[in-house]
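Below are some notes for a colleague who has not seen this structure before. Please read them beside the sequence and the model.

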Amino acid sequence: MVKIGVLISGSGSNLQSIIDSINKKYIFAQITVVLSDRKNAFGLERARMENIPAIFLSKKEAGNNDDFNSKLVEILKNYQVDLVVLAGFLSILNPNFVKTFKNKILNIHPSLIPSFCGDGFYGLKVHEAAIKQGVKITGATVHFVDEGTDTGPILLQKSLEVLPNDTAETLQKRVLTLEHELLPLAVKLFCENKIQFIENGKTTKVLVLNN
Ligand code: GRF
């Protein structure tokens, strides 16, 4: 069974969507650990309610970002994690982390990458930028993580219409609903070995295999 480590910083509603999908047997996997860089992240509570080990790791106590990353890697290895899911994790993973779990880190982003992504695009800011730009369609993306910010190979995307009356807040809410469908599906595809990486020079694309 695939062992999953989920990294969070906040509410953990995406974490919850994976927990629910496992409990419903939509996904055959086990979350062996949930890690947070914020002590009060509600996602830690969600994990504890399911008896999943939930660990807060202080960046401050770690000293610097590289030491923080080394600790993350150490814990994930201790919990024998095969797949790392970034579900609203706000810290930056360093190259060593990315190398250690190459093609095994998924991230969910609340826009259609490459729009409204990269440094500084997190939380409500993503949706504020979409509203400001006046886009008619937005959505969510699940991608594998490489050394860049939101630059890794795209696995799944789903779109929705931006309505004339939408605010950043209403958009965030509706995109989040999409995220809760998309992330479990991405995890399911990974667990069922239905993902193929196609390397072409410096670019990597991801193919979803049918049965
Ligand atoms: C989501 O919008 C996700 O796309 C982004 O951070 C948010 C996390 O929300 N990366 P939650 O903590 O899962 O509720």
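1. A polar contact here is a pair of N or O atoms within 3.5 Å; within protein, one must be able to donate a hydrogen and the other to accept it, and residues adjacent in sequence count only if both atoms are side-chain atoms. In this predicted model, a backbone N or O atom of Asn14 is 2.8 Å from an oxygen atom of the ligand. A polar backbone atom of Ile108 lies 3.0 Å from a nitrogen atom of the ligand. From the side chain of Glu179, an N or O atom lies 2.6 Å from a ligand oxygen atom. On its own the ligand has 370 Å² of accessible area (Shrake-Rupley method, 1.4 Å probe), and the protein covers 82% of that.

2. On the basis of the model: it is predicted, local features need pLDDT of at least 70, side-chain atom pairs count only at pLDDT 80 or more, and totals for chains, interfaces and linings use all residues. Residues are numbered from 1 along each chain as its sequence is written, and side-chain values use heavy atoms, with hydrogens and water left out.

3. Which residues surround the ligand? With a heavy atom within 4 Å as the criterion, they are Gly10, Ser11, Gly12, Ser13, Asn14, Gly88, Ile108, His109, Pro110, Leu176 and Glu179. By class, this shell has three nonpolar, seven polar and one charged residues, with Gly counted as polar.

4. At least two shell residues come from each of α1 (13-23), β5 (105-109) and α7 (168-191); helices (H or I, at least four residues) and strands (E, at least two) are DSSP runs, numbered from the N terminus. The ligand lies between domain 1 (1-101) and domain 2 (110-141 + 158-211), because both give residues to its shell. These domain bounds come from an automatic or database assignment.

5. Some backbone details deserve a look. Ile113 and Pro114 are joined by a cis peptide bond, with omega about 15 degrees. Pro114 is in the loop between β5 and α6 (124-133). Phe116 is found in the loop between β5 and α6, and its phi is positive, near 50 degrees, although Phe116 is a residue other than glycine.
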